[in-house]
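Reader: I would like to learn how to read a model like this one. Please take it feature by feature.

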Amino acid sequence: MSSLVSQEVPLIFYLLLSAALFALGIVGFLIKRNLITVFMSIELMLNAVNLSFVTFAHQWHQVRGQIFVFFVMMVAAAEAAVGLAIIIAVFRARATLAVDRIDLMKL
Amino acid sequence: MHLILFFLFAGFCLAGAINLLLQSHPINSALSLIVVMTSLAVLYLLLGAEFLAAAQIIVYAGAIMVLFTFVVMLLNAGREERTMGSRTWRAVGFPAVVVLFAVLATVILNTRQMGVAALSDGITTVDDLSRMLFHELLLPFEVTSVLILIAILGAVALARHGHGEPDGESNPNRSRERTVGK
């Protein structure tokens, strides 16, 4: 209750939010059956990790933490471009986006 | 003020993430992911990372999500069907995720050294950020630009017409697509 008065947010709250977003991303990765939505869940997990990076950068007053988030963003942009191109190629080959139907490599 | 803003936008974040899971149409999931990313930008601003807040909106909520919605509309992705495979994974995956979250939360709640964030903490300026980025981390920065160049080439090569089509049995969409393409 003391934080309510002093108007300060414990950084633990930010870390808990980050963990919750990461867990929701994993749940989405497991239960979604659409290739594009699975990819979106991965982006959600990346964002959750970015939030904890920024939180720790604030805690230790380090600029490097924020720069790491910057690099993660750039890599995520590259990953999204290549990943979506792969999704388009898979859709051309199989005419479906359901991950259950894309089972060419299954034993 | 900080507390109100935090809980408001943390609530938006969680609501958007849960909505992403509940929606069955990919375009609705994409729109709720935009809500998550924009709220995260506000949270970055609360933590004093103004450049990252701007980059989050421009790169994530702007560029990446435009790419996602573009692909969803290009492929005309309909609503997904629930299959038996997903049910078994739900039975195995949910407890595993709950355990993972419990472990993470326990570790976080047991930390003693974490401080607090207030609005008066000050902002990491672009000046500080670029001084570090262009003096000490110049090589990784340049390597990343090469990585993005390779990603552009890879994306063009992968999505080019005629790539990734099967050699054997044909599907009805393919011949139509070929004639339309020519």
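Reader: How many bridges join β1(A) to strand β1 of chain B?

Author: Strands pair if DSSP finds at least two bridges between them; a strand is a DSSP run of E of at least two residues, a helix a run of H or I of at least four, both numbered from the N terminus. Here two bridges join β1(A) to β1 (residues 116–117) of chain B, and the strands run antiparallel. A:Val9 stands opposite B:Ala117.

Reader: What should I know about the model and its numbering?

Author: The model is predicted: local features need pLDDT of at least 70, side-chain atom pairs count only at pLDDT 80 or more, and totals for chains, interfaces and linings use all residues. Residues are numbered from 1 along each chain as its sequence is written, with chains lettered from A and ligands numbered from 1 in the order in which they are written.

Reader: Which residues of α1(B) are buried, and which are exposed?

Author: Count the other C-beta atoms, placed from the backbone, within 10 Å of a residue's own: 20 or more is buried, 12 or fewer exposed, in between partly exposed. The buried ones are B:Phe6, B:Phe9, B:Ala10, B:Cys13, B:Gly16, B:Ala17 and B:Leu20. They lie on the same side of α1(B) because their arc around the axis (taken from the directions from the axis to the C-beta atoms) is only 125°. On the other side, B:Ile4, B:Phe7, B:Leu8, B:Gly11 and B:Leu22 are exposed.

Reader: What covers the buried residues?

Author: Contact requires C-beta atoms, placed from the backbone, within 7 Å. The cover includes β1, α2 and α3 of chain A, together with α2 (26–46) of chain B.

Note on methods
Contact = placed C-beta atoms within 7 Å.
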